[in-house]
Amino acid sequence: MEISTVSNPRLSFMTAETILYICIAGIIAMAVSIFMYGYKTKYTGTLKWLFGLLRFITLFSILLLLINPKFKSETYTLEKPKLPVLLDNSASIAELNQTENLQKIVDELKANSELNDKFDLSFFSFGSDFKEVDTLSFSEKNTNISEALASVNELFRNEIAPTILITDGNQTLGSDYEFSSSNFKNPIFAVVLGDSTRHTDLKIERLNTNRYAFLKNQFPVEMILVYDGVGSQNSQLVVNQGAAVVHRTNVSFSEENNTKTVSFTLNASSVGLQKYTATLVPLEGEKNTSNNRKQFAVEVIDQATNVLIVSNIVHPDMGALRKSITTNEQRTVSFKKPSEAINVLNDYQLILLYQPDRSFTKVFSELEKLKKNTFIIAGLKTDWNFLNSAQNYFRKEINRQSEDVGAILNPNYGTFAVEDIGFSDMRPLKATFGSLQVSVPNEVLLKQSVNGFDNDSPMLATMELNGIRTAIWDGEGLWQWRAQTYLDKSNFEDFDNFTAKLVQYLASNKRRSRLEVNNESFYYNNNPIKISAQYFDQNFVFDARSSLTISVVNSESLKRTNFPMLLKNNFYEVDLNSLEAGEYKYTVSVTDEAVSRSGNFTILDFNVEQQFLNANIGKLERLAVKTKGETFFTNEFSNLIDSLLDDNRFQPIQKSEQKVVPLIDWKYLLALIIISLTIEWFARKYNGLI
């Protein structure tokens, strides 16, 4: 915010030629005025001088506009230091009964005139997301302090901006803020919300298990149990499936040995969603027992989707594809050379052919007999002479030159739902020079681009002919895309989800329906709960003009809730995070059409914000020390204000800005011309000369 502004315009950039032109303009304006009103004029002495002066002003001003000299304007501004205030809007603040304390601090900050005179205050809230504060609900299901600090650091990157962080210090999402703040350029003043008293507490810190398991197999479960208290304590870990106890373990803790890792296996004895409850039996007088209990679930399936990657070369793309595909535990990936793959092709639901050459001759013949779905990836080592003759779906002109090709997502792709994961910003892939021509009905998912321009050639296209599904991806270097998503998002989820949808489509022989619905069998209520759908017209072209609704019924209370599904590029989506934990049945229907699809899902109750008993004072203190700030409790808040006011590091900064303005932009000169002409006209009118 600017405290004061001072402008200092001055004539500048005046060359000798410009000065000469101005002198000539003055002489011309004076000569014309003298000739008109001083030589053989019929006007009286007073009028002669008045009209002559006015005409001189008019002519000289017009000539100045034609010459158009330039002015330099220098403006000085005095800017206050910024003071961003980050407010924890997560449910843990309400659980620790700190909502009134936080609101009181906000009111004091806004009301303190000295603080507002010295700083430019701005307020932001954080939970799962970071945003400018409007109202505080204390209902966010996750806390991401590291994202809030990183966002403020980016917003005020080149400014003096000490930051007030008002939180309990308990983070449930994101990287460790104590270490990620090492690049923070401004000091952080932490205000601790919560009880500093140490209470005896047992909790299930972490529970790890597979999302899927195979029928009649065993699946592993791992739990990390933590004890906080004085002396030694004994407890029991009990795992129930409904009313039946499926596992029981005795555990002992002490002050020195306060963490236990318990690992065991459970039997997958029946198909479908199997729900379990893990309970760490509370100690006598334990204050917080909500963190002693966790629900988890495993979907038991009777078979896996087997994917075979056939290649005659070794390439990092194959490793990236294997990791990406197997992130979904329903899928397995095997590698074979062409000679090894011929006899086992029928054991797999999808065959991925990586950069085929003539050694794939028998593989293509066998695939044609078996009518298998295929996924072909071409690159610099692909033998296009062979590939063009081995199948009739597509062909490419033979060229030994290579080129770097970028990707452009086709927003009208309708075979399955695809989100843009930033394809246009991905690193270019390597491909042989030339245009890929697909000769059968197909849909282009990704188009090739060269230097940012569409070259009218598909990069990734899918096709379905006589019940056989095929895809061609023209470009190698996919491992770089997976690595880039990690660099951008600190996880591989975007690329892996995209690959999963592509593999799911190619590995399935299910007949396509006009209404396709995609949902998980179960969700945890602290994660996004989203269901997507696609609706196609009679020609199986995605219909973006339809209106889709989803009706959700709670199986226990029978409460029905209707939600509209919102259009997102080539699919419809609904966010169901407002639903409570429980089992639900749903029906997705199309308005004015007799088309619908039904299914079910389960929401498991897990409120991670209820797991905390105290504020994380130690981490907040280390954060403040590392950034050269300070830590305060709520009853010391006045000390924080005094510290900010007395700190000489935070002073207003004077900034100067220079602007070069041509005279033609100076409105006052135009006004002078108009005033001069107006006075002359009225003077003539008054004296009867008009």
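**Exposure, overall form and nonpolar core of a predicted chain**

K628 is exposed, with a relative accessible area of 63% (exposed means over 50%, buried under 20% and partly exposed in between, with a 1.4 Å probe and protein chains only). K628 belongs to the loop between α14 (617-626) and β35 (631-633), and its phi is positive, about 65°, although K628 is not a glycine. A second residue that is not a glycine, Q355, has a positive phi of about 50°. Q355 lies in the loop that runs between β18 (350-354) and α10 (361-370) and is buried, its relative accessible area being 3%. Most residues other than glycine have a negative phi.

The model is predicted, so local features need pLDDT of at least 70 and side-chain atom pairs count only at pLDDT 80 or more, whereas totals for chains, interfaces and linings use all residues. Residues are numbered from 1 along each chain as its sequence is written, and side-chain values use heavy atoms, with hydrogens and water left out.

The chain contains 16 helices and 36 strands, taken as DSSP runs numbered from the N terminus (helices H or I, at least four residues; strands E, at least two). Its radius of gyration is 37 Å, well over the 26 Å given by the globule rule for 690 residues, so the chain is more spread out than a compact globule; the radius is taken over C-alpha atoms, and the rule is 2.2 Å times the number of residues to the power 0.38. Along the principal axes, the C-alpha atoms fill a box of roughly 120 × 75 × 50 Å. Of the 690 residues, 45% count as buried. Among contacts (heavy atoms within 4.5 Å) between residues at least 6 apart in sequence, 73% join residues at least 24 apart.

In soluble globular proteins, nonpolar side chains tend to be buried together. The largest nonpolar core in this model has 37 residues, and those with the most contacts inside it are F375, L445, L446, W473, W481 and F498. Such a core is a set of buried Ala, Val, Leu, Ile, Met, Phe, Trp, Tyr and Cys residues joined through side-chain atoms within 4.5 Å. Helix α13 (residues 493-507) gives the most to this core, with seven residues. With neighbours within four places in sequence left aside, L446 is in contact with A407, I408, L409, F423, P458, M459, L460, W473, W481 and F498.
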